[in-house]
Amino acid sequence: MAEALATVSRVDGIGMISLRADPEQAGPVLSDVMGFAAPEARQITGTGNRQIGWMSPDEFLCLMPKGEVAQVLQALEQGLSQQHALAVDMSDARVIYDVTGPNADDVLAKLSPANLGALGPHELRRSRAAQTAAAFWRIDGGFRIIGFRSSADYLGLLLKNAALPGSYLAPR
């Protein structure tokens, strides 16, 4: 029997905070709280189990272990109290999947119009997977995908179906 093109795994235990603010003003606070520099446009930065993704000109997505969300949120709110900013716990509003394996790019190419094969090592791309919004970036051995929790089952089934054995995009 043929092997699946990639392994699709739901990732739990990651907390997420959406920060909407002027990056020039909020960047230093964000860097102090997270422990590393905020990313440039269409990038994701981080160390260990903490990351910051650039989502739009005035939005960052902070990722960390779920148990750290309250502490990070409080620190952001305190540090940004004199600025026009909004920090919100989005942990329960998003879902994360990892697609790993030698053909992970084929799996995502079936679902997204984005050229993920050209995605750089620290580049974050917002696009869609079939009919649902998604953000993608490279991880060791594949890609990480974030989508809306309201479409979590749909996104998971899309990814698993796109990884079915024998469903390559081009003849091998």
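Biologist: Two strands pair if DSSP finds at least two bridges between them. With that settled, which residue in β5 stands opposite M16?

Modeller: L63 does. Strand and helix names follow DSSP runs, numbered from the N terminus: a strand is E over at least two residues, a helix H or I over at least four. Keep in mind that the model is predicted, so local features need pLDDT of at least 70 and side-chain atom pairs pLDDT 80 or more, while totals for chains, interfaces and linings use all residues. Residues are numbered from 1 along each chain as its sequence is written, and side-chain values use heavy atoms, with hydrogens and water left out.

Biologist: How many bridges join β2 to β5?

Modeller: There are 7, and the two strands run antiparallel. β2 also pairs with β6, again in the antiparallel sense, over 5 bridges. In that pairing L19 stands opposite A87 of β6.

Biologist: What is the strand order of that sheet?

Modeller: The order is β3-β4-β5-β2-β6, an open sheet of 5 strands with antiparallel pairing. β3 (44-47) and β6 (85-89) are the edge strands, and each pairs on one side only. From one strand to the next the twist averages 20°, taking angles from 0 to 180 degrees between N-to-C directions of axes, which are lines fitted to C-alpha atoms, for helices over the stretch in contact.

Biologist: And which residue is the bridge partner of W54 in β5?

Modeller: F60. Strands β4 (residues 50-56) and β5 (residues 59-65) share 5 bridges and are antiparallel.

Biologist: Which strands of the sheet does α1 touch?

Modeller: It touches β2 (14-21), β4 and β5, and its direction makes about 5° with that of β5. Contact here means heavy atoms within 4.5 Å.

Biologist: Is β2 mostly covered or mostly open?

Modeller: Mostly covered, with 7 of its 8 residues buried. Buried is under 20% relative accessible area, exposed is over 50%, and partly exposed is in between, with a 1.4 Å probe and protein chains only.

Biologist: I14 is in β2, so let me stay there. What does I14 touch?

Modeller: Leaving out residues up to four places away in sequence, I14 touches L63, M64, K66, I96 and R144. Its C-alpha atom is 7.2 Å from that of S91, which is 77 residues away along the chain.

Biologist: Switching to helices. At what angle do α1 and α2 cross?

Modeller: Roughly 150°, with the axes of α1 (residues 23-34) and α2 (residues 69-79) coming within 10 Å. That makes the two helices roughly antiparallel: over 145 degrees counts as roughly antiparallel, under 35 as roughly parallel, 65 to 115 as roughly perpendicular, and the rest as oblique.

Biologist: Left-handed or right-handed?

Modeller: The crossing of α1 and α2 is right-handed. The near helix is turned from the far one by less than a right angle, clockwise for right-handed and anticlockwise for left-handed.

Biologist: Which residues of α1 and α2 meet?

Modeller: V29, L30, V33 and M34 of α1 meet V72, A75, L76 and G79 of α2. By class the contact has 7 nonpolar residues, 1 polar and no charged. Ala, Val, Leu, Ile, Met, Phe, Trp, Tyr, Cys and Pro count as nonpolar, Asp, Glu, Lys and Arg as charged, and the others, Gly among them, as polar.

Biologist: What is the order of the sheet that holds β1?

Modeller: β1-β7-β10-β9-β8, open and antiparallel, with 5 strands. β1 (7-11) and β8 (124-129) are at the edges with a single partner each, so one side of each has no neighbour in the sheet. The twist there averages 30° from one strand to the next.

Biologist: How many bridges join β7 to β10?

Modeller: 7, between residues 94-100 and residues 142-148. Among the paired residues, V99 has F143 as its partner in β10. Helix α4 (residues 152-162) lies across β1, β7, β8, β9 (132-139) and β10, at about 10° to β7.

Biologist: Last topic, backbone angles. What is phi of R42?

Modeller: Near 60°, a positive value in a residue other than glycine. Most residues other than glycine have a negative phi. R42 is in the loop between α1 and β3, and is partly exposed at 35% relative accessible area.

Biologist: And A130, buried or exposed?

Modeller: Buried, at 16% relative accessibility. A130 sits in the loop between β8 and β9 and has a positive phi of about 55°.
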